[in-house]
Amino acid sequence: MGSSEADEDQLLKSFLAEVSEAERDNEVLRILGCFKLNPFEHLKLSFDSSPDEVKKQYRKLSLLVHPDKCKHPQAQEAFAALAKAQQLLLDPQERGYILDQVTAAKEELRAKRKKELKKDSASKIKSLVDEGKYEEQFERSDEFQQQLIIKVREILTDKEWRRRKMQMRISEEEGRLKKDEEETKEMWKRKREHEEKWEETRDQRVSSWRDFMKTGKKGRKGEIKPPKLKTEDPNKSYVQRPVKRN
């Protein structure tokens with residue numbers, strides 16, 4: 001550890017020693033009251049803060065609300081929120097996603113301001129004369145930064161809402177597919193059971209058919225059948241003779 005880092009560490013320890021319990025409690029409440037989708041707010045950092053600044057600020061605030069140092073009942077929750085904020089801002093993909101929304105928010109605010117300048121001739125002329133410096137100065141102002149924070153909240157909220165709706169639809173579709181799969185499995189199960197029962201009764205069905213073929217030709221016991229017509233009987237006594245008419 002270099003001398004500058006050691007001095008900074010000692011300064012931090014001195015600062016924490018002077019912090020009152022009330023100040024620690026207030027910081028816990030501030031963290032828990034932050035907009036949950038913006039990790040920059042949890043760490044009280046501007047959107048252009050570097051990863052090194054993120055680490056330093058996390059260390060400072062985490063020691064302030066650490067459950068071993070802070071007696072507030074929600075200190076652990078605040079401590080976890082800070083840890084998550086640092087994790088998001090040190091992750092290139094997550095950090096890039098948030099900064100993309102910041103860029104989108106700036107573009108919206110710039111477009112809005114451009115429309116406003118068209119109505120204000122004096123401001124428009126000053127903007128042209130300063131060759132953009134007037135706008136750069138405005139974007140560094142507290143007014144613009146506050147507008148930016150609010151606009152970023154709006155965009156992140158909208159994105160998160162869309163993500164959750166999409167996730168809900170995906171879950172519903174997965175549930176429907178799972179239900180269809182279970183119904184298909186049940187259908188095939190019933191079909192197999194039917195085929196197995198059909199195969200089990202095969203011998204019985206064959207035997208019943210054979211019995212039917214035997215008893216069907218002989219007739220049932222006690223059944224009276226009509227006499228067969230014997231056309232080759234020489235007497236032909238039963239053949240009806242044609243009736244002679246006058």
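**Reading the helices, core and charges**

Guide: The secondary structure of the protein chain comes to 10 helices and 0 strands, where helices (H or I, at least four residues) and strands (E, at least two) are DSSP runs numbered from the N terminus. Please keep in mind that this is a predicted model, in which local features need pLDDT of at least 70 and side-chain atom pairs count only at pLDDT 80 or more, while totals for chains, interfaces and linings use all residues. Residues are numbered from 1 along each chain as its sequence is written, and side-chain values use heavy atoms, with hydrogens and water left out.

Visitor: What share of the 246 residues of the protein chain counts as buried?

Guide: Buried means under 20% relative accessible area, exposed means over 50%, and partly exposed lies in between (1.4 Å probe, protein chains only). By that rule, 23% of the 246 residues count as buried.

Visitor: Which residues touch the most other members of the largest nonpolar core?

Guide: A nonpolar core is a set of buried Ala, Val, Leu, Ile, Met, Phe, Trp, Tyr and Cys residues joined through side-chain atoms within 4.5 Å. The largest one here has 30 residues, of which Leu 43, Val 65, Leu 82, Leu 148 and Val 152 touch the most other members. Two or more residues of this core come from each of α2 (21–32), α4 (51–64), α5 (75–90), α6 and α9 (142–200), and α5 gives the largest share, 6 residues.

Visitor: How many salt bridges are there?

Guide: A salt bridge is a side-chain nitrogen of Lys or Arg within 4 Å of a carboxyl oxygen of Asp or Glu, and the count comes to 12. One of them joins Glu 108 and Lys 151 at 3.3 Å, N to O, and this pair links distant parts of the chain, with Glu 108 in helix α6 and Lys 151 in helix α9, 43 residues apart.

Visitor: Is Lys 151 buried or exposed?

Guide: Lys 151 counts as buried because its relative accessibility is 17%, whereas Glu 108, at 41%, is partly exposed. Lys 151 also forms a salt bridge with Glu 154, with the closest N and O atoms 3.0 Å apart; these two residues are separated by about one helical turn, because they lie 3 residues apart in helix α9.

Visitor: Where is Arg 162 placed relative to Asp 158?

Guide: Arg 162 and Asp 158 are 4 residues apart in helix α9, and therefore about one helical turn separates them. Their salt bridge has its closest N and O atoms 2.9 Å apart.
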